[in-house]
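Colleague: Please bring the model up. I have a list of questions to go through.

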Amino acid sequence: MHERKQSMSQLIKDTDPLAVMEMENGSRVVIELLPDAAPNTVASFVWAASRGYLDHHVIERIVPGSWVDMSYTAFGHRECRFLIPYESKLHPEIEPLDSHPGCVCMGGYGEAGLASCEFFFPLRDCPEHKGIYPVFGKVAEGMEEIERIGKVPVRRMKPLAPGVELYVPEEPQIVRSITLDLKGWKFPDPVRMKEQKLPKTWR
């Protein structure tokens, strides 16, 4: 664990913007945002986080051994119920990053597009995600908290969709707040999908 934390910290650029996720239990997770790797995805995350839509949130889904999925309901806010284009379509010139523990990725809905702010933390290498669920951040501090959350007892619920299992933590895992340190970066409003075929879980 210590070695991985050290190697991750060596990747941090002093000029990259940061997001600090404070948990109700007092732990914190620092995310280095990667606008050069996924510019529109970062802009969408910043749009939601800067307006407080990600605060006071109970983590909605955990797939043990695979990922910690922060939300599948657009964080419960009508304002966040929009989709954005896949980075590979907006920026085909950017080589997508590999998805593995220590990364932060944005979820998506097939041809409908990416979620506005439904991010998740992989708990294993996910080569099948490359170019689909973009890596838009890296965990700079607090990976041990993500690993702890990934191992909490869960109960199995009705699947969200065929093949999409739903496991809910037995004890609520609550995000108190997410604050930003943009290091002088300015982000435009995210580019949104023109046709919005919204997921059923948002309705």
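Colleague: Strand 10 and strand 11 form a hairpin; which residue in the turn has a positive phi?
Modeller: Strand 10 (154-161) and strand 11 (164-169) pair in the antiparallel sense over 5 bridges. Strands are DSSP E runs of at least two residues, helices are H or I runs of at least four, both numbered from the N terminus; a pair needs at least two DSSP bridges. M157 stands opposite L166 in this pairing. The hairpin leaves 2 residues between the strands, and the turn residue with a phi of about 85° is G163.

Colleague: What pLDDT do side-chain atom pairs need to count?
Modeller: Residues are numbered from 1 along each chain as its sequence is written, and side-chain values use heavy atoms, with hydrogens and water left out. The model is predicted: totals for chains, interfaces and linings use all residues, local features need pLDDT of at least 70, and side-chain atom pairs count only at pLDDT 80 or more.

Colleague: Strand 1 and strand 2 also form a hairpin; which residue there takes a positive phi?
Modeller: Strand 1 (18-23) runs antiparallel to strand 2, with 5 bridges. M21 faces V29 across the pair. The hairpin has 4 residues between its strands, and the one with phi near 95° is G26.

Colleague: What is the bridge partner of L33 in strand 9?
Modeller: Strand 2 (28-33) has 5 of its 6 residues buried; buried means under 20% relative accessible area, exposed over 50%, partly exposed in between, with a 1.4 Å probe and protein chains only. Strand 2 pairs antiparallel with strand 9 (135-141) over 4 bridges. In strand 9, L33 bridges to G137.

Colleague: Is F75 buried or exposed?
Modeller: F75 sits in the loop between strand 5 and strand 6. Its phi is positive, near 60°, and it is not a glycine. L54 touches F75, and also F45, A48, A49, C117, F119, V175 and I178; contact means heavy atoms within 4.5 Å, and neighbours within four places in sequence are left aside. With a relative accessible area of 5%, F75 is buried.

Colleague: And H56, buried or exposed?
Modeller: H56 lies in the loop between helix 2 and strand 3 (57-58). It too is a non-glycine with a positive phi, about 55°. Most residues other than glycine have a negative phi. Because its relative accessibility is 65%, H56 counts as exposed.

Colleague: How does T73 count, buried or exposed?
Modeller: T73 is in the loop between strand 5 (67-69) and strand 6 (83-84). Beyond four places in sequence, its contacts are E60, E118, T201 and W202. Relative accessibility is 19%, so T73 counts as buried.

Colleague: What separates the C-alpha atoms of F187 and P35?
Modeller: F187 is in the segment after strand 12 (174-181). At 21% relative accessibility it counts as partly exposed. Not counting residues up to four places away, it touches P17, P35, V42, A43, V46 and L182. F187 and P35 are 152 residues apart along the chain, yet their C-alpha atoms are separated by 9.3 Å.

Colleague: What is the volume of the largest pocket?
Modeller: On a 1 Å grid over the protein atoms alone, a pocket is an open set of points with protein on both sides within 12 Å along at least five of seven lines, a cavity is a set where a 1.4 Å probe fits but cannot get out, and lining residues have an atom within 4 Å of a point. Points join across faces, edges and corners, and volume is the space filled by probe spheres set on them. For the largest pocket, that comes to about 710 Å³.

Colleague: How many residues of its lining are charged?
Modeller: Of the 26 lining residues, G108, Y109, Y133, A161 and V164 are closest to the centre of the largest pocket. Nonpolar means Ala, Val, Leu, Ile, Met, Phe, Trp, Tyr, Cys and Pro; charged means Asp, Glu, Lys and Arg; the others, Gly among them, are polar. The lining has 12 nonpolar, 7 polar and, charged, 7.
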